[in-house]
Amino acid sequence: MIASTLRTYPRLRLHLQGGVALMWPVIERKIGDLSEVLDNLGVFRSSPEELVAICPSGFRRVPIAQGPGYYLSLQGFGADQVAFAHTHPDSEEWVIVLKGGGRALLAENPIPLKTGLMIGRGAAHPHGFVSGGEGLYLLSVQLPRPAEGSTTWDQPGETSDPIDCAVAGTCRRCPRCGGHSLNVTASLFLCENCAWEF
Ligand SMILES: [Zn+2]
Ligand SMILES: [Zn+2]
């Protein structure tokens, strides 16, 4: 069954023998999320590089689909970029390395990353990432989506000077998470990863 079929019926009720009904809620799509393309195409294929435009200022995050119970996203790191250590007390995460390499920083022991590796992380485990010279593309599945304001930022980060951005305008590194942050007004930047304004 493809996504466009799911959109047709707000709820699909499967009546099983004995009168048990299974509820199958429709997937909510947010404007700008990658999942939006399924409404038009139904089926979709791509490589991570085509979906995430790397920028030298900070790592990028592109949401795929999100709801109260989940958050699927792609992350793209250029060479030697950092996602500063942080903790989600309320959300576990599954990360699959789509391409590239680097290190996952979990507890005391960094885990070397290579294409195809999967990492599971329980809620409340501090974590961060550092990409290697070849960059890094990750698929991240967070269950549930971390609640607004629940994340703690465990590593003092630093920003970078504004540069001309291939995405639009100018951008800098978020000093809180290391994420790509676009210029939204004269001197205000907004992080696309953690929504920090600075
Ligand atoms: Zn940029
Ligand atoms: Zn940030």
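**Exercise 1. Strand 5 and its partners**

Task: Find how many bridges join strand 5 to strand 10, and in which sense the two run.

Solution. Step 1: strand 5 and strand 10 are joined by 2 bridges and run antiparallel. Strands here are DSSP runs of E with at least two residues, helices are runs of H or I with at least four residues, and both are numbered from the N terminus. Two strands pair if DSSP finds at least two bridges between them.
Step 1: in strand 10, W153 stands opposite H86.
Step 2: strand 5 also pairs with strand 9, in the antiparallel sense, over 3 bridges. There, V130 in strand 9 is the bridge partner of V82.
Step 3: in general, strands of a sheet pair through backbone hydrogen bonds, either parallel or antiparallel.

The model is predicted: local features need pLDDT of at least 70, side-chain atom pairs count only at pLDDT 80 or more, and totals for chains, interfaces and linings use all residues. Residues are numbered from 1 along each chain as its sequence is written, while chains are lettered from A and ligands numbered from 1 in the order in which they are written.

**Exercise 2. Confidence**

Task: State which element of the chain has the lowest mean pLDDT and which has the highest.

Solution. Step 1: pLDDT is the predictor's confidence in each residue, from 0 to 100. The chain averages 86, and 86% of the residues score at least 70.
Step 1: over residues 1–21 pLDDT stays under 50, and the model has 25 contacts beyond four places in sequence for them. Two residues are in contact if their C-beta atoms, placed from the backbone, lie within 7 Å.
Step 2: where pLDDT is low, the predicted coordinates should not be read in detail.

**Exercise 3. The chain and its core**

Step 1: of the 198 residues, 23% are buried. A residue is buried if 20 or more other C-beta atoms lie within 10 Å of its own, exposed if 12 or fewer, and partly exposed in between, with C-beta atoms placed from the backbone.
Step 2: the largest nonpolar core holds 16 residues, and those with the most contacts inside it are A83, F84, L136, Y137, L138 and C177. Such a core is a set of buried Ala, Val, Leu, Ile, Met, Phe, Trp, Tyr and Cys residues joined through C-beta atoms within 7 Å.
Step 3: at least two residues of this core come from each of strand 5 (82–87), strand 6 (92–106) and strand 9 (127–143).
Step 4: leaving out residues up to four places away in sequence, C177 touches A83, F84, H86, W153, C191, N193, C194 and W196.

**Exercise 4. Backbone and loops**

Task: Explain why S91 counts as buried, and find which residues a cis peptide bond joins.

Solution. Step 1: S91 is buried because 20 other C-beta atoms lie within 10 Å. S91 is in the loop between strand 5 and strand 6.
Step 1: beyond four places in sequence, S91 touches A123, Q142, L143, P144, R145 and P146.
Step 2: the cis bond joins L143 and P144, with omega about -15 degrees. P144 is in the loop between strand 9 and strand 10 (152–153).
Step 3: D80, in the loop between strand 4 (70–77) and strand 5, has a positive phi, near 55 degrees.
Step 4: most residues other than glycine have a negative phi, and most peptide bonds are trans.
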